[in-house]
Amino acid sequence: TWRRAAAGAAMTLAVGLVTLVGAAAVGGSRISMVTIPALAAALATSTVMYIDYRHRGGHPWSPLGRDVLPPTLKQVGRPGVVVVLAAACLAFIPVPPVGTWPSAYIAGMPIGQPQVMPPGWRQESIARYDWVTRLYGPESVLIRQAVVQSRGDVAYDKQGRPRRVMVDSVDTERPLALEVYPYIFRYDLVGDRFSPAVEVKLPEGVRSWIWTVVDDVHYLTYTVLSWWWNNGDRTQQMMLWSVDNHEPDARFPAPEMTVTANLNTMFTVMFRGNAVIQAVDQPTKDRDLLVSLGTALVTAQADAAVRSAT
């Protein structure tokens, strides 16, 4: 009846508003503010209206409004065996071992260890993150090295201050995993905007890509240079991060698991389109800085691989 419809609508509005106010009071995230009030309102209203309908009408409590009929198929032995055998066969099908990103082969290159620092750069700090094994398999590790120029250059800073860059490396024996769980799952970049990637060629046949990440919340712009390479056994993704804040305490995206948090970005794109995460015509401010460091890093690792082989 229209009265029941009005009562259900009013109940939905009331529960939704109360839940929304509560979520806002505790500082809930954007995704929780969108989903939790709607789900709470739907669940509460449906439950109350269902109980009221069954109670008033004298109907049975079965969701179907009648007794549940016995199953037509009494024996599920053979179909069950087929399901188990199919699941067992699928479990032994290996994940494709290769990815689609170009991966340069460097014979004898140590992977899973800190990068050798090239001339003109020094390591300021180092951190190791073992939780990436949950994404990329056993023995995988993410290593972050904060590196600083040995001497400042006015080409990269008007005051000639030494620039700081984060050098992140993560490795796996299954390169496809790096595409299944790309870098956005390793950093909190929810709400940031990204420019299209541009290819940059480095020594030793390494093909890299450079792009910009705009953080509108902290008013920061990051430049990222990334590439893949391998030693025949394991594949490694390198990511070099610079920021347009040249102060020593400048903020960089910290490595952290953000698989769940990125659901927020998925819903945002679904409702508002890809434009909300794109940084169109955004200049790559530190292109020369990162390409110079990337070139030096590739050369340093290749030289170290040659020395270890001799």
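A nonpolar surface patch is a set of residues with over 30% relative accessible area and no salt bridge, in which nonpolar side chains are joined within 5 Å. In the predicted model described here, Leu-13, Leu-17 and Leu-20 form such a patch, and together these three residues have about 260 Å² of accessible area. Leu-13 belongs to helix H1, which spans residues 2–25. Because exposure requires a relative accessible area over 50%, Leu-13, at 54%, counts as exposed.

The protein chain contains seven helices and nine strands. Of its 310 residues, 35% count as buried. The chain exposes about 18000 Å², of which carbon and sulfur atoms supply 62%. Among the contacts in the chain with a separation of 6 or more, 64% are made by residues 24 or more positions apart.

Nonpolar side chains also gather in the interior. In soluble globular proteins, nonpolar side chains tend to be buried together. The largest nonpolar core in the model comprises 25 residues, and Tyr-183 and Trp-241 touch the most other members. At least two residues of this core come from each of H4, S3, strand S4 (164–172), helix H5 (176–180), S7, S8 and S9. The most is given by S8, with four residues. Another core, of 24 residues, lies apart from the largest one; Val-147, Leu-202, Met-238 and Ala-305 are among its members.

Strand S3 illustrates how a strand can be covered along its length. Eight of the eight residues of S3 are buried. In a regular strand the side chains alternate between the two faces of the sheet. In S3, Leu-142, Arg-144, Ala-146 and Val-148 point one way, whereas Ile-143, Gln-145, Val-147 and Gln-149 point the other way, and all are buried. One of these residues, Val-147, is also a member of the core of 24 residues. Strand S3 pairs with strand S2 (residues 121–129) in the antiparallel sense over eight bridges; Tyr-129 has Leu-142 of S3 as its bridge partner. Strands S3 and S4 also run antiparallel and are joined by seven bridges. In S4, Ser-169 is the bridge partner of Ile-143.

Arg-251 is partly exposed, with a relative accessible area of 33%, while Asp-215 is buried, with a relative accessible area of 4%. In the salt bridge between Glu-199 and Arg-207, the closest N and O atoms are 2.6 Å apart. Both partners are partly exposed, Glu-199 with a relative accessible area of 30% and Arg-207 with one of 36%.

Backbone geometry was also examined. Most residues other than glycine have a negative phi. Glu-139, although not a glycine, has a positive phi of about 70°. As noted above, Glu-139 is found in the loop between H4 and S3 and is exposed. Glu-204 likewise is not a glycine and has a positive phi, of about 60°. Glu-204 is placed in the loop between strand S6 (198–201) and S7. With a relative accessible area of 46%, Glu-204 is partly exposed.

Terms used:
Residues are numbered from 1 along each chain as its sequence is written. This is a predicted model: local features need pLDDT of at least 70, side-chain atom pairs count only at pLDDT 80 or more; totals for chains, interfaces and linings use all residues. Side-chain values use heavy atoms; hydrogens and water are left out. A salt bridge is a side-chain nitrogen of Lys or Arg within 4 Å of a carboxyl oxygen of Asp or Glu. Buried means under 20% relative accessible area, exposed over 50%, partly exposed in between (1.4 Å probe, protein chains only). A nonpolar core is a set of buried Ala, Val, Leu, Ile, Met, Phe, Trp, Tyr and Cys residues joined through side-chain atoms within 4.5 Å. Patches are made of residues with over 30% relative accessible area and no salt bridge: like charges are joined within 9 Å, nonpolar side chains (Val, Leu, Ile, Met, Phe, Trp, Tyr) within 5 Å. Accessible areas come from the Shrake-Rupley method with a 1.4 Å probe; for residues, only the protein chains shown count as cover. Contact means heavy atoms within 4.5 Å. Two strands pair if DSSP finds at least two bridges between them.
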